[in-house]
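User: I have a structure open and want to learn how to read it. Can we go through a few features together?

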Amino acid sequence: SSNFFYVLLIIFFVFITRVGFWNLIIAGGWDEITYLLSGREILNGQIPYRDFFEVKPPIAFLPYIIANLFENETLAVRIIGFLIIALCSYFIFEQSSKITNSFIAKIITLSFVILNSQITFQNTGLTIFIYPFLLFISNILLFKKQSNINYIIIGFCVSIICLIRPNFYPLVFGIILIIYLYNQNKIKNILFYFLGGASPVLIIILFYFSIDNGLSILLNLIINLLAAGENINVSWTYREIIRYLFDGVDGIIFLSSILIVVYNFKEFIKIKQNVIILILFGSTVTSVLIVFTGHHQLNNFYPYLLLVIALIFRNINIKNNTIKNQILILVFCSIIPVLMSSSIAIIKNYKFFFNTEKKLFSYNFNNNDKNNDAVEYLKNLIKAEEKIFAYDHFFYLKLNKKLPSKIIHPSTLWRIAIYKNINGVEDTTEKEFEKIISKEPDWLIIRKAIFDKENYLPKKFKNIIITEWKLFGIVEANSDQYLFKKK
């Protein structure tokens, strides 16, 4: 009964740490908007890579189709993210309880919630959809009997993970290593593992074989995935990993866990369960090291990092209630900053006490999110039949406007040169922008700070915009926008 009460408390804590960001259009980054637009396009009958381009495998877009079934797709996907984190918190608690004692498992679960409460992870990014699959895999490998069906399930889960985020491919080899180390029927189990992994891939291949030019589209996707991976500066990548990782609580937990494991390595590897967890953790850490594009990727290894902490405390059983209570006081004090920042987000983003005259409850709302206000203003200004071009692509989503290019993510438009043979897209940024301009959108919505940069657009395109569109005004948003209207 105490565990049931704790699970309810954790669900409530997950809710409190996330609800304050549910009404923001952008929370933590652009990627969520990109995938929501992709989901919308699929729901409208468009086929990835043929009718629109985003350099992610097709499975990555599927959860965002569900969100687009609702009127407010951003709210829907944030609620889905909340439900997934709440569910995975329970999985973390269950698995940790089997490795260490219930008291430690509760603290570990709370740590999982705190790590995911950071602003970077308030949007429902791809890795949040990967969490359940990672925990299904660890649950089978750590606590289930060896069976053909279980290895098929593991292979299926790994395949889905890699078809959402390809940089998780080290997990493929990590699990092969686990099978090699601890299974008698190594070859047979690896074959069943590959069988499970092949099924989602085969479904995708068969689908693209059924459409015109599908094989060529798939091959170009593979080439572009590799091109995106190759466009990585290794020294810059490791510098950024260190900068982001050790800028917060992530780094403290990560580094202390690794150093403790290294210090006790000979003892840890004597236990099969420990080795399995360490291999899984190492595989997900490697997924960050090989392709790192920002802080939002650090949660790749969160689930297995928490299991590493569980194995560190495997043999620690605190029986003295006084010590337990003192630890709980420390834990309570550690979550106060999280609760404070979450409460401020709720007050700020839902404008509680906005009109209060009492100083005790007053709050500075000057830096509030302005994107919703910008969208509402433009909804009343721009007619349903009018076309737009926007630098910030959330305007396409929230104004329900058709994309003027087959490219969805704004940064891809300025990096066309690294990709090859994108279906229906020109081979240079200049040519693609010329094609967009030739469609004569009724409105141009371009971020002021970007447009004012000398190297944002070639001078001739700026001259075309200034000549053929007139500056209608500046729209206040989180980043102010120039609003141009066709003459």
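User: Which residues of α1 meet α16?
Analyst: Start with the side of each helix that touches the other. This is a predicted model. From α1, Phe 13, Ile 16, Thr 17 and Val 19 take part. They meet Ile 335, Val 338, Leu 339, Ser 342 and Ile 346 in α16.

User: At what angle do helix α1 and helix α16 pack?
Analyst: Find the two axes. Helix α1 covers residues 2-19, and helix α16 covers residues 321-349. Their axes are 7 Å apart and cross at about 50°. That angle makes α1 oblique to α16.

User: Now the sheet. What is the order of its strands?
Analyst: Read across the sheet, strand by strand. The order here is β1-β2-β4-β3. The sheet is open, has four strands and shows mixed pairing.

User: Which strands stand at the edges?
Analyst: Look for a strand with a single partner. β1 (388-390) and β3 (469-475) are edge strands, so one side of each has no neighbour in the sheet. On average, neighbouring strands are turned by 20° against each other, direction ignored.

User: In which sense does each pair of strands run, parallel or antiparallel?
Analyst: Take the pairs one at a time. β1 pairs with β2 (residues 443-447) in the parallel sense, over three bridges. Here Phe 389 stands opposite Leu 444 in β2. Next, β2 and β4 run antiparallel, joined by five bridges. Ile 445 has Leu 483 in β4 as its bridge partner. Last, β3 and β4 are antiparallel too, over six bridges. A hairpin of five residues joins β3 to β4.

User: Which helix lies across β2, β3 and β4?
Analyst: That is α17, residues 371-381. Compare its direction with a strand. It runs at about 140° to β3.

User: What is the bridge partner of Trp 469 in β4?
Analyst: Lys 486 is that partner. Now check the side chains as well. Lys 486 lies over the face of Trp 469, at 4.9 Å from the ring centre. The two residues are linked both by the bridge and by this ring contact.

User: How many aromatic pairs does the structure hold, and what describes a pair?
Analyst: Two values describe a pair of aromatic rings: the distance of the centres and the angle of the planes. This structure holds 31 aromatic pairs. Take Tyr 244 and Phe 292. Their centres are 6.2 Å apart and their planes are at 50°, a tilted pair. Tyr 244 is in helix α11 (residues 234-245), while Phe 292 is in the loop between α14 (272-290) and α15 (302-312). The pair links distant parts of the chain, 48 residues apart.

User: What kind of pair do Phe 254 and Phe 301 form?
Analyst: They form a tilted pair, 5.1 Å centre to centre, with 40° between the planes. Phe 254 is in helix α12 (residues 249-263), and Phe 301 is in the loop between α14 and α15. They are 47 residues apart. Both are buried.

User: Which residues do ring pairs link into a cluster?
Analyst: Follow the pairs from ring to ring. The cluster holds Tyr 49, Phe 52, Phe 61, Phe 207 and Tyr 208.

Key:
Residues are numbered from 1 along each chain as its sequence is written. This is a predicted model: local features need pLDDT of at least 70, side-chain atom pairs count only at pLDDT 80 or more; totals for chains, interfaces and linings use all residues. Side-chain values use heavy atoms; hydrogens and water are left out. Rings of Phe, Tyr and Trp (its six-membered ring) pair if their centres lie within 6.5 Å; planes under 30 degrees apart count as stacked, over 60 as edge-to-face and the rest as tilted. Buried means under 20% relative accessible area, exposed over 50%, partly exposed in between (1.4 Å probe, protein chains only). A charge sits over a ring if NZ of Lys or CZ of Arg is within 6 Å of the ring centre and within 35 degrees of the ring normal. Two strands pair if DSSP finds at least two bridges between them. Axes are lines fitted to C-alpha atoms, for helices over the stretch in contact, and angles run from 0 to 180 degrees between N-to-C directions. Contact means heavy atoms within 4.5 Å. Angles under 35 degrees count as roughly parallel, over 145 as roughly antiparallel, 65 to 115 as roughly perpendicular and the rest as oblique.
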